[in-house]
Amino acid sequence: MRIESIKSLVEMANAKKTKVGNIVSEMQAEKEGVSIDVVLDRMDSYYQVMKESVENGIKADFDFQTGLQNDIVSVSDKYFNSKKTILGANLGKLITSAMAVSGYNASMGRIMAAPTAGSCGIMPAVLTFCEDNGAKRSDIVLSMFTAAGFADIIAELATFAGSEGGCQAECGSASAMASASMAEILGGTPDECAHAFALTLSTILGLICDPIAGYVEVPCMNKNILGAVHAATFAELSLAGVKSIIPSDEVVLAMKDVGSKMHENFKETSLGGLATTPTGLEIKERLLNKK
Ligand code: SF4
């Protein structure tokens, strides 16, 4: 059986009075002809990679290709563990984790691309944030199937590639997936998970892809922070009862529309946005001369 729409997934979960994660994991097991434990164990191993990328990313000594702010993660970690912060250590950990995993990817560390390497900090930051705040690992793993099921529709109707749809397709998709996961982990209904997904994606439409000198470092690490905080915000808001006026499947189509009309200069070509600012070009020139 294939996933036809986010709406249909939600309807199936509602009809069976279960979580979307259960529906998607059962579909996957059936598709592969294996037991449910096999797919759950595999997803658990993916979560383990995510967890390790957060831990390793926070500890890592970065040596970025661009040579730009190698201490960005340690500076953030130290700050949010100090008494100065208004946001607090909890939200600070979410922020630091997202940039740590993204930086770890830029330094060739082992990450889980969910859905892409460029956006790899968002899901791990949000999921470990839930675990840090008391969520059960089994609920987290199950929620990853919810994210995967919803993401299937993005793959079907739109794209995850920054080169095709801009950063909305990479970090926007990751953020929406993480939001749906978090909503489910926090006890949200299938409808609330779909609202979390739609609210998150709909408010990140149009995000361009403009990596400086073509490296997935700046502004990518910061966009991972945006995606993680954004996801957590709308996960909680969906549980509060805030609803997306536009249904999730239509938001995915809107993302495709925006991506197809986005200028090529903003699709991973480094020909626009921050990449072509005087400083962005200066950095590119310096790196070219270094080679
Ligand atoms: S800005 Fe471009 S390269 Fe960087 S994370 Fe977004 S889509 Fe990927």
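Modeller: A nonpolar core is a set of buried Ala, Val, Leu, Ile, Met, Phe, Trp, Tyr and Cys residues joined through side-chain atoms within 4.5 Å. Keep in mind that this is a predicted model.

Colleague: Which residues touch the most other members of the largest nonpolar core?

Modeller: Met-123, Phe-150 and Phe-197 do, in a core of 81 residues. Helix α9 supplies the largest share of this core, eleven residues. Setting aside residues up to four places away in sequence, Met-123 touches Met-50, Ala-114, Met-144, Ala-147, Ala-174, Met-177, Ala-178 and Ser-181.

Colleague: What makes α9 mostly covered?

Modeller: The count for α9 is 19 buried residues of 19, where buried means under 20% relative accessible area. The helix runs over residues 167–185 and spans 26 Å from its first C-alpha to its last, close to the 27 Å expected. Just after α9, Gly-187 has a positive phi of about 95°.

Colleague: Why is the pair of Phe-62 and Phe-64 called stacked?

Modeller: A search of the whole structure gives three aromatic pairs. In the pair of Phe-62 and Phe-64 the planes stand at 15° and the ring centres are 5.0 Å apart. Centres within 6.5 Å make a pair, and planes under 30 degrees apart count as stacked, so Phe-62 and Phe-64 are stacked. Both Phe-62 and Phe-64 are buried.

Colleague: And what makes the pair of Tyr-79 and Phe-80 edge-to-face?

Modeller: Their planes are 75° apart, with 5.3 Å from centre to centre. The cut-off for edge-to-face is over 60 degrees, and the pair of Tyr-79 and Phe-80 is edge-to-face.

Colleague: Is Tyr-79 buried, exposed or partly exposed?

Modeller: Tyr-79 has 34% relative accessibility. Partly exposed runs between the 20% limit for buried and the 50% limit for exposed, so Tyr-79 counts as partly exposed. Phe-80, at 12%, is buried.

Colleague: How do you know that α3 and α7 are roughly perpendicular?

Modeller: Helix α3 (residues 36–59) and helix α7 (residues 137–157) pack at about 100°. Angles of 65 to 115 degrees count as roughly perpendicular, and therefore α3 and α7 are given that description. Their axes lie 9 Å apart. Among the residues that meet are Met-43, Tyr-47 and Met-50 in α3, and Ile-140, Met-144 and Phe-145 in α7.

Colleague: Why is Met-112 called buried?

Modeller: Its relative accessible area is 18%, and the limit is under 20%, so Met-112 is buried. Met-112 is in the loop between α5 and α6. Leaving aside neighbours within four places in sequence, Met-112 is in contact with Tyr-46, Val-49, Met-50 and Cys-120. From Met-112 to Met-123 is 9.0 Å, C-alpha to C-alpha, and eleven residues in sequence.

Colleague: Which peptide bond in that loop is cis?

Modeller: The bond from Ala-114 to Pro-115 is cis, with omega near 10°, and Pro-115 is in the loop between α5 and α6. The bond from Val-218 to Pro-219 is also cis, with omega near 5°. Pro-219 lies in the loop between α10 and α11.

Colleague: Where do Glu-268 and Ser-270 lie, and are they buried or partly exposed?

Modeller: Both are in the loop between α12 and α13. Glu-268, at 41% relative accessibility, falls between the limits and counts as partly exposed. Ser-270 has a relative accessible area of 10% and is buried. Neither is a glycine, yet phi is positive: near 65° in Glu-268 and about 60° in Ser-270.

Technical notes: Residues are numbered from 1 along each chain as its sequence is written. This is a predicted model: local features need pLDDT of at least 70, side-chain atom pairs count only at pLDDT 80 or more; totals for chains, interfaces and linings use all residues. Side-chain values use heavy atoms; hydrogens and water are left out. Helices (H or I, at least four residues) and strands (E, at least two) are DSSP runs, numbered from the N terminus. The expected span of a helix is 1.5 Å times one less than its number of residues. Buried means under 20% relative accessible area, exposed over 50%, partly exposed in between (1.4 Å probe, protein chains only). Rings of Phe, Tyr and Trp (its six-membered ring) pair if their centres lie within 6.5 Å; planes under 30 degrees apart count as stacked, over 60 as edge-to-face and the rest as tilted. Contact means heavy atoms within 4.5 Å. Axes are lines fitted to C-alpha atoms, for helices over the stretch in contact, and angles run from 0 to 180 degrees between N-to-C directions. Angles under 35 degrees count as roughly parallel, over 145 as roughly antiparallel, 65 to 115 as roughly perpendicular and the rest as oblique.
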